[in-house]
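This briefing covers one protein chain, shown next.

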Amino acid sequence: MTTLRRLVRPRLAAYALLLAALPARAQDFRPAAAFVQVNDVYRVDAVENGAAGGLGRVVTVVDRARRATGVPVRVLHAGDFIAPSLESRYFAGQQMIDALNFVHARAPMIAVAGNHEFDERRPEMLANAIVQSRFPWLAANVRLNTGNAAADRALGTDTVIVSNGMRIGIFTLTFLDSPRDYAQWDTAFVALAERQIQALEAQGVDAIVGLTHLDLGADRAISRLRASHPKFLWIAGGHEHFLIHHPLTDSTAAITKGDSNARRIWQVVIGRSGGQPALRADSVVLNESVAVDPAYRRDVEQKWAARMREKVPFYDQVIGRASTRMDASEEVVRNVESAWGNYLADVMRTAYPTVPADVAVLNGGAIRIDDVVTGDIRWEHLARTFGFPTRVALVWLTGRDLKETVLERGVSGGRGEGRFLQVSGLRFTFDRSRPVGQRVTSVEIRRGDAYEPLNDTRVYVVAVPDYLFGGGDGYTFHNRAVLSVPPGPDVRLMAFDALSAAYARGEAIAPQVEGRITETGAQPE
């Protein structure tokens with residue numbers, strides 16, 4: 001757990017920080033509006049067998065915030081909710097709209113569309129979600145042409161709320177992973193943000209908030225607009241799936257992002273201090289100490305759980321057993337070695353029995369379960385692991401290309417990115433403080449029970465998922481391949497066969513974190 005804690009900028013204890021434009025005593029702070037911020041919530045229920053996160057606990061926090069602050073409470077959702085998930089494959093995201101409508105009934109909610117809202121190539125899923133929502137959808141840099149005029153009109157740009165005499169302007173920005181015929185979007189994020197800030201200033205607002213679904217680098221660039229726009233206090237962001245806090249300074253707006261599936265969220269109060277706009281931000285851990293709202297459990301969780309089991313009678317069917325605890329939370333699979341990632345990558349190497357792969361790599365972004373797997377492994381666990389079909393291709397790469405175009409790419413980004421790889425058949429060490437392209441400091445290939453140094457000129461057979469084979473996440477190794485076999489077997493079906501075969505023999509799988517991936521160098525605070 002020590003390693004994971006280093007990945008999170010803030011301490012796990014709740015913050016009670018006064019973030020003001022000018023220094024002021026905390027007792028001078030006069031609250032005007034409270035916000036509960038969530039982002040990247042894909043399930044109506046909690047994770048870790050109900051012990052962590054979940055919108056039912058968010059509702060409880062909303063009620064507590066209202067009592068504690070004495071000011072109106074609103075919910076800001078920083079994007080990604082209708083996809084991808086197991087339930088959305090069957091209900092087209094309507095289960096999430098039902099859940100968020102419930103939240104909205106407790107406290108007015110504003111949502112920015114996230115990149116996964118545009119997953120489907122056809123517009124019906126998004127359009128239906130928008131028109132069924134009782135809360136407003138915003139995304140100032142997107143224009144819709146879904147064929148559903150009501151949905152197209154409903155996607156707004158920015159808004160101004162008035163609370164206890166304070167006018168707070170909210171602007172919104174998002175991004176798309178891939179072009180969509182029904183959505184046109186602008187990527188000049190900083191320029192767009194400044195135009196929206198200027199428009200809100202012209203309306204005489206007292207404070208400005210950005211509600212965004214962008215990567216942290218884009219949010220940081222936007223936050224620097226505060227140097228010229230002192231009313232710009234805060235970016236409530238999404239897309240990263242782990243707790244992030246960047247404090248307010250004279251020249252940068254504060255940035256907060258929560259964990260995926262609401263394991264940890266933010267409660268932010270905006271008001272005045274010393275006559276200047278100011279805010280306080282508290283991170284809130286949603287574990288078993290926070291009760292699930294009883295009405296939410298009855299009207300949302302239990303209803304959709306029953307509907308899911310009607311659709312999939314084998315939903316709870318045990319297909320395997322694990323004797324070890326396999327952490328497959330997104331904080332893990334996108335940053336460090338995961339035991340569940342090890343198991344899946346091991347399975348990938350067997351995709352073509354007549355051509356066993358020397359190495360397999362699986363991008364952490366493909367592992368969508370965001371949960372812990374241990375004890376009985378149910379069909380649900382495997383189905384939740386893969387949000388999309390994940391078929392295995394083979395590529396023949398020299399050792400040099402394996403290192404330069406695969407492993408280096410996996411560690412070329414910041415923390416929490418989906419390009420990070422889970423691996424099989426090798427172990428490697430990297431240092432994120434080194435320049436991009438020079439971060440992998442050692443690679444060894446497994447031969448039997450031992451490891452040997454990577455041979456730059458030797459050709460290795462590498463099993464890869466179809467998403468990376470096609471150039472996803474910026475991987476270009478296909479252009480360097482000596483030979484390739486196009487995508488074929490699906491990892492989910494292969495894992496099902498392996499798990500059920502072991503279960504039939506009375507055996508439990510026992511994957512562990514075993515040193516396949518080691519990060520060295522100074523860890524950023």
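## Helix α11

Helix α11 (residues 339–348) is largely enclosed by the rest of the structure, because nine of its 10 residues are buried. Buried means under 20% relative accessible area, exposed means over 50%, and partly exposed lies in between (1.4 Å probe, protein chains only). Helices (H or I, at least four residues) and strands (E, at least two) are DSSP runs, numbered from the N terminus.

The model is predicted: local features need pLDDT of at least 70, side-chain atom pairs count only at pLDDT 80 or more, and totals for chains, interfaces and linings use all residues. Residues are numbered from 1 along each chain as its sequence is written, and side-chain values use heavy atoms, with hydrogens and water left out.

- The buried residues of α11 are Ala 339, Trp 340, Gly 341, Asn 342, Tyr 343, Leu 344, Ala 345, Val 347 and Met 348.
- At the start of α11, a side-chain oxygen of Ser 338 comes to within 3.3 Å of the backbone nitrogen of Trp 340.

## Whole chain

- The protein chain contains 15 helices and 27 strands.
- Along the principal axes, the C-alpha atoms of the protein chain fill a box of roughly 70 × 50 × 45 Å.
- Of the 525 residues in the protein chain, 58% are buried.
- Taking contacts between residues at least 6 apart in sequence, 76% join residues at least 24 apart. Contact means heavy atoms within 4.5 Å.
- The protein chain exposes about 20,300 Å², and carbon and sulfur atoms supply 49% of that area. Accessible areas come from the Shrake-Rupley method with a 1.4 Å probe; for residues, only the protein chains shown count as cover.
- There are 61 positive and 59 negative side chains in the protein chain, and the centres of the two sets are 3 Å apart. Lys and Arg count as positive and Asp and Glu as negative, while His and the chain ends are not counted. The place of a charge is taken as NZ of Lys, CZ of Arg, CG of Asp or CD of Glu.

## Backbone geometry in loops

- The peptide bond from Ala 83 to Pro 84 is cis, with omega near -10°. Pro 84 sits in the loop between β3 (73–77) and α3 (86–91).
- Ala 262 is not a glycine, yet has a positive phi of about 60°. Ala 262 is in the loop between β14 (254–257) and β15 (264–273), and counts as buried because its relative accessibility is 0%.
- Asp 473, also not a glycine, has a positive phi of about 60°. Asp 473 is found in the loop between α14 (466–469) and β26 (483–485), and at 27% relative accessibility counts as partly exposed.

## Buried loop residues

- Ser 412 lies in the loop between α13 (399–410) and β21 (421–424) and is buried, because its relative accessible area is 12%.
- The side chain of Ser 412 makes a polar contact with the side chain of Arg 419 at 2.7 Å. A polar contact is a pair of N or O atoms within 3.5 Å; within protein, one must be able to donate a hydrogen and the other to accept it, and residues adjacent in sequence count only if both atoms are side-chain atoms.
- Not counting residues up to four places away in sequence, Ser 412 touches Arg 419, Val 436 and Arg 439.
- Phe 118 is in the loop between β4 (109–112) and α5 (124–132), and is buried at 3% relative accessibility.
- Beyond four places in sequence, the contacts of Phe 118 include Leu 126, Val 142, Leu 144 and Arg 180.

## Buried residues in a helix and a strand

- Ala 193 belongs to helix α7 (residues 189–202) and is buried at 0% relative accessibility.
- Leaving aside neighbours within four places in sequence, Ala 193 is in contact with Phe 171, Leu 173, Ile 222 and Leu 225.
- Val 269 lies in strand β15 and is buried, with a relative accessible area of 9%.
- Among the contacts of Val 269 beyond four places in sequence are Phe 29, Pro 31, Thr 69 and Arg 280.
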